[in-house]
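Here are my notes on this model, point by point. Please read them with the structure open.

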Amino acid sequence: MTQNANELMEKLVALAKRRGFIFPSSEIYGGINGFWDYGPLGVELKRNIKEAWWQDIVRKRDDMVGLDSSIIMNPKIWEASGHVVNFNDPLVDCKACRARFRADKVFLVEAKEGENVLLAVGVEADDEESAKQAAIEGANSKTRRRIEDKADRLAWDMVRVDKLAEGRQALCPKCGGALTDARKFNMMFKTFVGAMEDSSSVAYLRPETAQGIFANYKNVLDTSRIKVPFGIAQVGKSFRNEINPRNFTFRSREFEQMEIEFFCHPNEADKWYEYWRDERYKWYVGLGLTSAKLRLRCHEKEELAHYARACADVEYAFPFGTSELEGIANRTDFDLSQHQKYSGKDLSYYDDETKERFIPYVIEPSGGVDRAVLAFLCEAYREDTAPDENGNPQPRTVMKFHPRLAPTKVAVFPLVKKDGMPEAATKIHNECKAAGLASFYDEKSAVGRRYRRQDEAGTPYCVTVDGQTLTDGTVTVRNRDTLAQERISADKVAAYVHERVGF
Ligand code: GAP
């Protein structure tokens, strides 16, 4: 991460904690790595994202239905899906300090001038370029000066430690000690079902919600009047024992997914893949990820899993690097065929009209709720100025969330705590709540400070009751983004905000 990116990330994490978006889990006991809690503002933001997804994906469409399957399922599901054998990350340990790393995220970075090695370090990074950057930033000032002086003559070599040629020693990013060879580590959390704790009672916390959908595909077909092409959508918790959770909530051990399995005729799979790929990208843009930081990256043939025909990632340029928010894949008939084989149940589909029987192909758009929250937080974060009570510009931090996602839609203030203003403001606040709006009432401190608190929370509208309200029944509505203030009738506030928050 560059210094600016690092600073931005630190500010975001601090704001998330200070304003009650995201807290480290179990903090009073020193925390637990890879687990996070969402505070009062965070839970609203997260719910709004899931709600927007459910509305747009399930309720607004005729070809989609929802599901809520259990987290612990028959362990045979994970044999059929391939997770028991293949859901591994390569793991390396430091022989000196015992730190543990994902081998595909550790690089040996060397800078050479001819045969002379100027720098040789192990760093944790997502790609070669960030590895080089991290190595330079981690070097002491003397080495950094030498690197700058000899910049044109240096040859850089960044190799992932699980791909090092024989004889080259991988180095620990923490202490510089030697690393072990990579070995496989299965990321599923294991538990036991029932009173016996032996191999017969082993079960797993699901590492994805998708398999619950495949396991229920036949139930859904048999009980709803739905026909291929159709999709099943599910939002829920998933668990992965990540070796190195990092980058705030980006890689957690407990997280939520929003997944769609869309079943279609094999001949139509390419068309539906393109449809969902574009649709999912547009969904994020529509909710405010409008900057050039969002991109759609189609995978090269070599990157594809053996069963996949096509795959694309919706990626976001987070301060710590560009990474996946959601993957959209054409998974062919792999999953249903596997479950048919392992369960012995017929999972083919009979088309009444064409009299054809086939195993449907599946298009899978699979997104992470927590990663979406993080991207929306990063995109919303701005520092600018807003005038104080005397019209003088003051610096402010403002979260410019899309109104549909904003945790609080409207804040209502009495200008002062007397002359009937609190009563008038409380009435408006109650009317907003009755209209289903997340409303916040605040009568403490100067009104400028109250505005700034709401700017940090990302509240799109602030309503102030003042002396004029008591004579002509109007209030000011201040717009978070334009800072424009307009006077409207107090009894129209709920309708005014409702109309503008987009649902
Ligand atoms: N069913 C396919 C599947 O699970 P995936 O790429 O492993 O695919 C899908 O996960 C999405 O879940 C990712 O794009 C990401 O948004 C989210 N996700 C995966 N692992 C995560 C983790 N450790 N922490 C937070 N989100 C994660």
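1. Start at the ligand. A polar side-chain atom of Arg371 lies 3.4 Å from a nitrogen atom of the ligand. The side chain of Glu364 also has an N or O atom 3.1 Å from a ligand nitrogen. From Phe250 the backbone takes part: one of its N or O atoms is 3.2 Å from a nitrogen atom of the ligand. A polar contact here is a pair of N or O atoms within 3.5 Å; within protein, one must be able to donate a hydrogen and the other to accept it, and residues adjacent in sequence count only if both atoms are side-chain atoms.

2. How much of the ligand does the protein bury? Taken alone, the ligand exposes 560 Å², and the protein buries 88% of that. Accessible areas come from the Shrake-Rupley method with a 1.4 Å probe; for residues, only the protein chains shown count as cover.

3. On provenance: this is a predicted model, where local features need pLDDT of at least 70, side-chain atom pairs count only at pLDDT 80 or more, and totals for chains, interfaces and linings use all residues. Residues are numbered from 1 along each chain as its sequence is written, and side-chain values use heavy atoms, with hydrogens and water left out.

4. Now the shell. Of the 18 residues around the ligand, Glu208, Arg240, Glu242, Glu259 and Glu324 come nearest. A residue is near if one of its heavy atoms lies within 4 Å of the molecule or strand. The shell divides into nine charged, five polar and four nonpolar residues. For these classes, Ala, Val, Leu, Ile, Met, Phe, Trp, Tyr, Cys and Pro count as nonpolar, Asp, Glu, Lys and Arg as charged, and the others, Gly among them, as polar. Which element gives the most to the shell? E19 does, with four residues. Helices (H or I, at least four residues) and strands (E, at least two) are DSSP runs, numbered from the N terminus.

5. Check the five-stranded sheet. This open sheet has the order E23-E22-E24-E25-E26, with mixed pairing. Two strands pair if DSSP finds at least two bridges between them. Strand E23 (439-441) and strand E26 (485-489) are at the edges with a single partner strand each, so one side of each has no neighbour in the sheet. The twist averages 25° from one strand to the next. E24 (461-465) and E25 (474-479) run antiparallel, joined by four bridges. Cys462 has Arg478 in E25 as its bridge partner.

6. Helix H12 (447-457) lies across E22, E23, E24, E25 and E26, and runs at about 170° to E22. Contact means heavy atoms within 4.5 Å. Axes are lines fitted to C-alpha atoms, for helices over the stretch in contact, and angles run from 0 to 180 degrees between N-to-C directions.

7. The other sheet is open too, with three strands in the order E5-E4-E9 and antiparallel pairing. E5 (100-102) and E9 (183-186) are its edge strands, each pairing on one side only. Three bridges join E4 (88-93) to E5. Asp93 stands opposite Arg100 in E5.

8. Two backbone details deserve a look. The peptide bond from Val228 to Pro229 is cis, with omega near 5°. Pro229 sits in the loop between H7 (210-223) and E12 (230-239). Asn247 is not a glycine, yet has a positive phi of about 55°. Asn247 lies in the loop between E12 and E13.
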